[in-house]
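Thank you all for coming.

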Amino acid sequence: MARRLLVHTRTTAYRHDSIPDAVAALRTLDGFGIEHTEDPAALERLLEPYAAVVFLSTSGEVLTPAGRVRLAAYVERGGGFVGVHAAACTEYDWPYYGELLGARFARHPEYQPGRVLVEDHDHPATRHLPAVWPFTDEWYDFRTNPRGAVRVLARADESSYRGGGMGADHPLVWCREQGLGRVFYTALGHASEAYADPDFLAHLRGGIDWAAGPAGR
C-alpha cells in the first residue's frame with residue numbers, strides 16, 4: 001500500500017518558480033501517494049493518515065494557530081516531517097518550528113555551482129552520493145549552526161562558490177528526531193533543474209523514506 005504524503009507549498013513571502021516541477025517530481029516517486037495543498041486548513045485536519053508532511057519551498061507564515069497545534073502533535077506522536085529548501089524560510093514567528101527544523105534561513109549568495117561534501121553515507125538520503133557532489137543551488141546560510149542538535153548528513157564546501165557566510169562548518173542536509181517523530185531537511189532544491197536530476201531525486205526520496213518510516217505506518 002502506498003504511503004500517503006501531505007505536500008504543502010503555501011507561500012506568503014518569496015515564491016519559487018520550481019514548485020510545480022517539484023510537486024510533479026514527487027508524484028513520480030514509487031510507493032507514495034501525494035496530496036498537494038496550499039490550503040492552511042488542510043493542516044488543521046487529522047494528520048495521522050499521512051506517513052509524512054512535506055513543506056516544499058514554503059515561505060513566510062503558512063499555518064493557522066490550529067494548524068500549528070495539529071502539526072506539532074502529529075510529529076510528537078510519531079509523524080514524519082520533511083523540509084525542502086525554503087522550508088527554512090517559514091514560520092519565523094513560531095519558536096517550535098525553528099526547533100523542529102533545526103535551523104532558520106539567514107541569507108544566500110547568488111545561484112551558482114558549488115560542491116556538497118557528504119559527511120554521512122549511512123543514511124538513505126546520502127548513501128548513493130559521492131563524497132564530493134557537484135551541484136548548483138543558492139547555498140543557504142543559516143542563523144545558527146545546527147550541528148550538535150541534528151545529525152549532519154552533508155555540508156557545503158564554501159571554497160567552491162562565492163559568498164558563503166558560515167565558514168568551513170556549513171551544514172546543508174540533516175536529520176533529527178522530535179518526540180517520537182523523524183525530521184529530515186535539505187537546503188537544496190532551488191531550481192526546476194534539481195527536480196530532473198536523478199541524484200537529487202534519489203536524495204529527496206531517501207530523506208522522505210527515512211522520515212516516513214516503514215511502509216504501512
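This is a predicted model: local features need pLDDT of at least 70, side-chain atom pairs count only at pLDDT 80 or more; totals for chains, interfaces and linings use all residues.

Let me begin with Cys-175, which stands opposite Phe-184 in strand β11. Residues are numbered from 1 along each chain as its sequence is written, and side-chain values use heavy atoms, with hydrogens and water left out.

Strand β10 (residues 171-178) pairs with β11 in the antiparallel sense over six bridges, where pairing requires that DSSP finds at least two bridges between two strands. Helices (H or I, at least four residues) and strands (E, at least two) are DSSP runs, numbered from the N terminus. The two strands β10 and β11 form a hairpin with two residues between them, and Gly-179 in the turn has a positive phi of about 60°. Strand β4 (residues 80-84) is joined to β11 by five bridges, and these two run parallel; here Val-82 has Phe-184 as its bridge partner in β11.

How much of β11 is buried? Five of the six residues of this strand (residues 181-186) are buried, so β11 is largely enclosed by the rest of the structure; buried means under 20% relative accessible area, exposed over 50%, and partly exposed in between, with a 1.4 Å probe and protein chains only.

Contact here means heavy atoms within 4.5 Å. His-123 is placed in the loop between β6 (112-118) and β7 (132-137), and it is buried, with a relative accessible area of 0%.

Phe-184 is also among the contacts of Phe-81, together with residues including Leu-71, Tyr-97 and Ala-211. Phe-81 and Leu-71 have the most contacts inside the largest nonpolar core, which has 74 residues; such a core is a set of buried Ala, Val, Leu, Ile, Met, Phe, Trp, Tyr and Cys residues joined through side-chain atoms within 4.5 Å. Helix α4 (residues 198-212) gives the most to this core, with seven residues.

Terms used
Lists of a residue's contacts leave out its neighbours within four places in sequence.
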